[in-house]
Amino acid sequence: MKKIPFLLFLMSIMLGGFSQNMIDNGDFENDYENWSRLTGSNGAMSFFSLDLAVVHDGVQSMRISTKSIGTKPWDNQMVHSGFYPQKGEQYKLRFFACSKEEHVSIKTVIQNTSYQEHEFALTTEWKEYEWTFTAEEEYLQLKFFFHTLGTVYLDNISIIDENYKPIVVSSTDTLVVDYSVMHQTIEGFGAALAFYENWITEHPSKEQMYQ
């Protein structure tokens with residue numbers, strides 16, 4: 001038997017720490033990926049665009065300019081593709097927002113067959129907003145309703161598990177591997193890629209790497 005450092009395990013813990021955010025592309029660095037924009041019902045009208053100038057963090061934010069609110073509070077909305085919480089667990093929605101005008105508010109909604117909402121009054125300066133909610137289902141969607149006139153900027157949206165507790169592993173911890181115990185046989189040699197695929201497809205030596 002041999003003892004080997006927990007290096008690989010530490011790497012998995014580090015990657016796992018990043019995965020606690022349940023909202024993909026909450027910073028809009030991947031443009032509109034995972035987001036749907038809905039407007040035009042009942043006379044409503046909002047214009048959605050990526051803004052490179054008014055940004056809290058990173059390269060771009062989402063800008064929503066509402067020109068007509070319609071007759072229903074949900075006539076102008078932005079919908080995330082969804083996340084998978086544990087039913088009954090508490091989660092915290094966090095996001096940064098600001099508005100171009102005074103007295104602009106937005107409504108955040110957590111919805112599937114259940115429905116929860118919370119309203120936020122925005123300021124003209126970037127500010128972090130939070131809302132703690134309990135997941136009533138195992139699949140939910142995050143929605144933003146734009147029910148007042150004005151221009152809103154959104155950035156760095158996340159949903160965090162309130163009960164998440166990172167595993168603390170010492171750099172001196174070791175793992176015992178018993179080479180005399182045989183399990184599954186693996187034949188051949190291969191590789192897998194998860195996340196950051198663009199690092200490969202955009203690499204100047206990608207053809208050699210493919211070979």
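How many bridges join strand S4 to strand S11, and in which sense do the two strands run? The views below take this up. Everything here comes from a predicted model, in which local features need pLDDT of at least 70, side-chain atom pairs count only at pLDDT 80 or more, and totals for chains, interfaces and linings use all residues. Residues are numbered from 1 along each chain as its sequence is written, and side-chain values use heavy atoms, with hydrogens and water left out.

**View 1. Strands S4 and S11 side by side.** Here is the reply: strand S4 (residues 61-68) and strand S11 (residues 150-161) run antiparallel and are joined by five bridges. Look for Met-62, whose bridge partner in S11 is Leu-154. Strands are DSSP runs (E, at least two residues), numbered from the N terminus, and two of them pair if DSSP finds at least two bridges between them.

**View 2. The open sheet S3-S4-S11-S6-S9.** Its five strands pair in the antiparallel sense. Strand S3 (45-51) and strand S9 (127-134) are the edge strands, each pairing on one side only. On average, neighbouring strands of this sheet are turned by 30 degrees against each other, direction ignored; the axes are lines fitted to C-alpha atoms, and angles run from 0 to 180 degrees between N-to-C directions.

**View 3. The open sheet S2-S5-S10-S7-S8.** Five strands make up this sheet, with antiparallel pairing. Strand S2 (35-38) and strand S8 (115-121) each have a single partner strand, so one side of each is left without a neighbour in the sheet.

**View 4. Strands S5 and S10 up close.** Three bridges pair strand S5 (residues 77-80) with strand S10 (residues 141-145) in the antiparallel sense. Val-79 stands opposite Lys-143 in S10.

How values were computed. Helix = DSSP H or I, 4+ residues; strand = E, 2+ residues; numbered from the N terminus.
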